[in-house]
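Visitor: I would like a close look at a single part of this model, and then at how the rest is arranged around the chain. Could you take me through it step by step?

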Amino acid sequence: MRPSRGRSEDIVVFWLQGRESRCDGCDAELSRGNFLRREGDRGLCLACADFDHLEFLESGDAALTRRASKHSRLRAVVVKWSKARRRYERQGILVEPAAIETALEACLADEELREARRRREASRRERLDHEYVGTFADQIREQYPRCPPETATRVAEHACRKHSGRVGRTAMAKALDPDAVDLAVQAHIRHELTGYDAHLLGGLERREARERVRPEVARILDDWSASS
Ligand SMILES: [Zn+2]
């Protein structure tokens, strides 16, 4: 019976799981978990088949398997008969230990590369966020020269958090639109400097609560707008 998986040129080694048998070469006992290589009608242990210098690499990590295969001069596919599925299933490969070492190093390097990329992206985002807060605060001070600087920073930070991780150049430009800056400042005033939140807590509808605090918001905006 031909294994259902594995290319036709693959050397196949069987993972024994049933009753004991013996190597037709050296008469060694072969039992469950041992590997068997068929040569014609002979079943050989790995030593007799000249495969015992190879190391078993279990399936599961596709990149590692691919790389180890590439670096090994000799390679065999290990299969096991599945009673349930009634077919041979691939368990792993036998390759040179050095090939596994090389493959592991390459995979590790990949991981390090990914990690380095991730760090770079995070720092780029942080820089953008920082720039965003600074520019946003500048914009606030431009529109409201008498807005306390620490308030401008707080409003800018809040606006930045809202866009956290998504602050690209385009989003930044859009968010720095004078109307957007205006809305952010007004929201801050409403929440922090008026009874707006208390009104909401008291059960007032949002629209009505806004109406209530509108004159106060307007007065503060007016104060902050004055350039002298
Ligand atoms: Zn043998």
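Guide: Glu205 sits in the loop between helix 6 (196-201) and helix 7 (206-225), where helices (H or I, at least four residues) and strands (E, at least two) are DSSP runs numbered from the N terminus. Residues are numbered from 1 along each chain as its sequence is written. The model is a predicted one, in which local features need pLDDT of at least 70 and side-chain atom pairs count only at pLDDT 80 or more, while totals for chains, interfaces and linings use all residues.

Glu205 counts as exposed because it has 10 C-beta neighbours inside 10 Å; a residue is exposed if 12 or fewer other C-beta atoms, placed from the backbone, lie within 10 Å of its own, buried if there are 20 or more, and partly exposed in between. In helix 7, by contrast, Ala209, Val213 and Ile220 are buried, and the buried residues of this helix pack against helix 5 (178-193) and helix 6, contact being taken as C-beta atoms, placed from the backbone, within 7 Å. Val213 also marks a bend of about 45° in helix 7, with a proline, Pro215, following within four residues; the bend is the angle between axes fitted to the seven residues ending there and the seven starting there.

From Glu205 we can turn to Leu36, which is 169 residues away in sequence and 79 Å away in space, C-alpha to C-alpha. Leu36, in strand 4, is the bridge partner of Phe14, and two bridges join strand 1 to strand 4 in an antiparallel run; two strands pair if DSSP finds at least two bridges between them. Phe14 has a bridge partner in strand 7 as well, namely Val79, and there strand 1 (residues 11-15) and strand 7 (residues 76-82) pair in the parallel sense over four bridges.

These pairings belong to an open, mixed sheet of six strands in the order 5-4-1-7-8-6. Its edge strands, each pairing on one side only, are strand 5 (42-44) and strand 6 (55-58). Neighbouring strands of the sheet are turned by 40° against each other on average, direction ignored.

How values were computed:
Two residues are in contact if their C-beta atoms, placed from the backbone, lie within 7 Å. Axes are lines fitted to C-alpha atoms, for helices over the stretch in contact, and angles run from 0 to 180 degrees between N-to-C directions.
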